[in-house]
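Biologist: Could you walk me through the labels on this model? I'd like to hear what stands behind each word.

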Amino acid sequence: MILAEYTMQWIEQTVCECVSSVMEEMQRDTINIDDLYKGKKNIPLARSIARNVTFDTFHNKYGFSYAVIAQRADMERNSVIRCVKKCHNYKHCDAIYGKVFSLLNKCFKEKYDE
């Protein structure tokens, strides 16, 4: 359980850093890890992207269940599923998502290929 907690925290931190880096390039608002799960409706763009990418990474790369992710984020399971689906749809056709995933993949390589 401790390893899962460490992994989730590392992913959240890394995704927020990647999203903030891309948003700074575009001169837009950044995201802080403390704000990642704040708000339910009409959330800022950086937070939305960070949340979607975090959930997608949790589920599709590390195999966390939707229920576990929903509990961590204090959200409904179906909302988490929508976030993952939205991310899956956007990551190949949206420039911001593409840049975020490119940076994120570099972070994964640095962490696991050394």
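**What the labels rest on**

Modeller: Gladly, and let's start with R47, which counts as buried because its relative accessibility is 15%, where buried means under 20% relative accessible area, exposed over 50% and partly exposed in between, with a 1.4 Å probe and protein chains only. Keep in mind that this is a predicted model, in which local features need pLDDT of at least 70 and side-chain atom pairs count only at pLDDT 80 or more, while totals for chains, interfaces and linings use all residues. Residues are numbered from 1 along each chain as its sequence is written, and side-chain values use heavy atoms, with hydrogens and water left out.

Biologist: Where is R47 found, and what does R47 touch?

Modeller: R47 is found in helix α2; helices here are DSSP runs of H or I with at least four residues, numbered from the N terminus. Not counting residues up to four places away in sequence, R47 touches I31, D35, L36, K38 and G39, and contact means heavy atoms within 4.5 Å. The C-alpha atoms of R47 and L36 are separated by 5.9 Å, although these two residues are 11 apart along the chain.

Biologist: Why is N52 called buried?

Modeller: N52 has a relative accessibility of 2%, so it counts as buried. N52 lies in helix α2, which covers residues 45-61. Leaving aside neighbours within four places in sequence, the contacts of N52 are C83, K86, C87 and Y97.

Biologist: What makes α2 roughly perpendicular to α4?

Modeller: Two packed helices are described by the angle between their axes and the distance between the axes. For α2 and α4, the angle is about 95 degrees and the axes are 8 Å apart. The axes are lines fitted to C-alpha atoms, for helices over the stretch in contact, and angles run from 0 to 180 degrees between N-to-C directions. That angle makes α2 roughly perpendicular to α4, since 65 to 115 degrees counts as roughly perpendicular, under 35 as roughly parallel, over 145 as roughly antiparallel and the rest as oblique. On the α2 side the contact is made by S48, N52, V53, F55, D56 and N60, and on the α4 side by V80, C83, V84, K86 and C87. These residues divide into 6 nonpolar, 3 polar and 2 charged; Ala, Val, Leu, Ile, Met, Phe, Trp, Tyr, Cys and Pro count as nonpolar, Asp, Glu, Lys and Arg as charged, and the others, Gly among them, as polar.

Biologist: And how do you know how α3 is oriented to α4?

Modeller: α3 and α4 pack at about 105 degrees, with their axes 8 Å apart. By that angle, α3 is roughly perpendicular to α4. Y66, A67, I69 and A70 of α3 meet R77, V80, I81 and V84 of α4. The division in this contact is 7 nonpolar, no polar and 1 charged.

Biologist: What is the largest nonpolar core made of?

Modeller: The largest nonpolar core has 32 residues, and V19, V53, F55 and V100 have the most contacts inside it. Such a core is a set of buried Ala, Val, Leu, Ile, Met, Phe, Trp, Tyr and Cys residues joined through side-chain atoms within 4.5 Å. At least two residues of this core come from each of α1 (2-25), α2, α3 (66-73), α4 (77-90) and α5 (95-112), and α1 gives the most, with 9. V100 touches C18, V19, V22, I49 and V53, not counting residues up to four places away in sequence.

Biologist: How do you know that C83 is in no disulfide?

Modeller: A search of the whole structure finds 0 disulfides, a disulfide being a pair of cysteine sulfur atoms within 2.5 Å. For C83, the nearest cysteine sulfur is that of C87, 9.1 Å away. C83 is buried because its relative accessible area is 12%. C93 is in no disulfide either, with the nearest cysteine sulfur, that of C87, 11 Å away.

Biologist: Is C93 buried or exposed?

Modeller: C93 has a relative accessible area of 62%, so it is exposed.

Biologist: Why does Q27 count as exposed?

Modeller: Q27 has 76% relative accessibility, so it counts as exposed. Q27 lies in the loop between α1 and α2, and its phi is near 55 degrees, a positive value in a residue other than glycine.
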